[in-house]
Amino acid sequence: MITFWSRSKNPAHRYLSNFQLLPYGLRIPSDFFISYMTGYTFPTVENAFQACKYAYSDNPLGIQELTCCSPREAKSMGSMGGMKKRGTTLDVETWNNVSFECMNELIKLRFEQDSQFRETILHTEDNFYHIETRPPYIWGGCMKYGKWIGQNRLGNILNRLKKET
């Protein structure tokens with residue numbers, strides 16, 4: 001079992017985090033399924049993921065701000081409070097329907113563009129589990145009483161990439 005998150009003590013595991021600054025950024029190609037995103041380069045997957053939210057809001061121009069901030073700032077900007085502070089409203093129903101596809105596509109892009117990320121995934125025999133410190137444990141989870149609690153969607157994306165390659 002490989003557990004990873006932005007504060008992992010193991011640098012190779014920490015590198016798998018969506019908060020990891022990428023050497024050349026994450027470039028969004030012209031054929032990306034969210035047209036507002038194409039042509040942008042984001043410093044991290046987290047920044048790009050939060051930008052996807054803005055594409056499903058009443059202010060898609062907010063995407064540009066996410067190209068030059070830290071991943072923590074990006075996460076804050078994409079939160080309900082962060083969007084409210086910017087006078088932006090997220091189409092929650094649509095976002096809930098596309099958020100997994102968005103993350104899946106962004107991770108695939110990182111896999112294609114980031115050789116260290118790709119090599120880490122391909123040369124690991126264990127399954128990946130993303131650590132989350134707070135519920136609802138959608139993208140990851142935690143160990144509780146010796147059992148994994150959570151959906152581990154992010155870890156499952158990495159596991160699927162490893163198997164398909």
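Are Phe4 and Phe128 buried or exposed? Both Phe4 and Phe128 are buried, where buried means under 20% relative accessible area, exposed over 50% and partly exposed in between, with a 1.4 Å probe and protein chains only.

The model is predicted: local features need pLDDT of at least 70, side-chain atom pairs count only at pLDDT 80 or more, and totals for chains, interfaces and linings use all residues. Residues are numbered from 1 along each chain as its sequence is written, and side-chain values use heavy atoms, with hydrogens and water left out.

A search of the whole structure finds 8 aromatic pairs; rings of Phe, Tyr and Trp (its six-membered ring) pair if their centres lie within 6.5 Å, and planes under 30 degrees apart count as stacked, over 60 as edge-to-face and the rest as tilted.

Keep Phe4 and Phe128 selected: they form an edge-to-face pair, 6.4 Å centre to centre with 80° between the planes. Phe4 lies in strand β1 (residues 2–4) and Phe128 in strand β4 (residues 128–130), so this pair ties together parts 124 residues apart in sequence. Strands (E, at least two residues) are DSSP runs, numbered from the N terminus.

Next, select Tyr129 and Trp148, a tilted pair at 4.9 Å centre to centre and 55° between the planes. Tyr129 belongs to strand β4 and Trp148 to strand β6 (residues 147–149), 19 residues apart. Tyr129 is partly exposed at 21% relative accessibility, whereas Trp148 is buried at 18%.

Finally, select Phe49, Tyr56, Trp95, Phe100 and Trp139, which form one aromatic cluster.

How values were computed: Helices (H or I, at least four residues) and strands (E, at least two) are DSSP runs, numbered from the N terminus.
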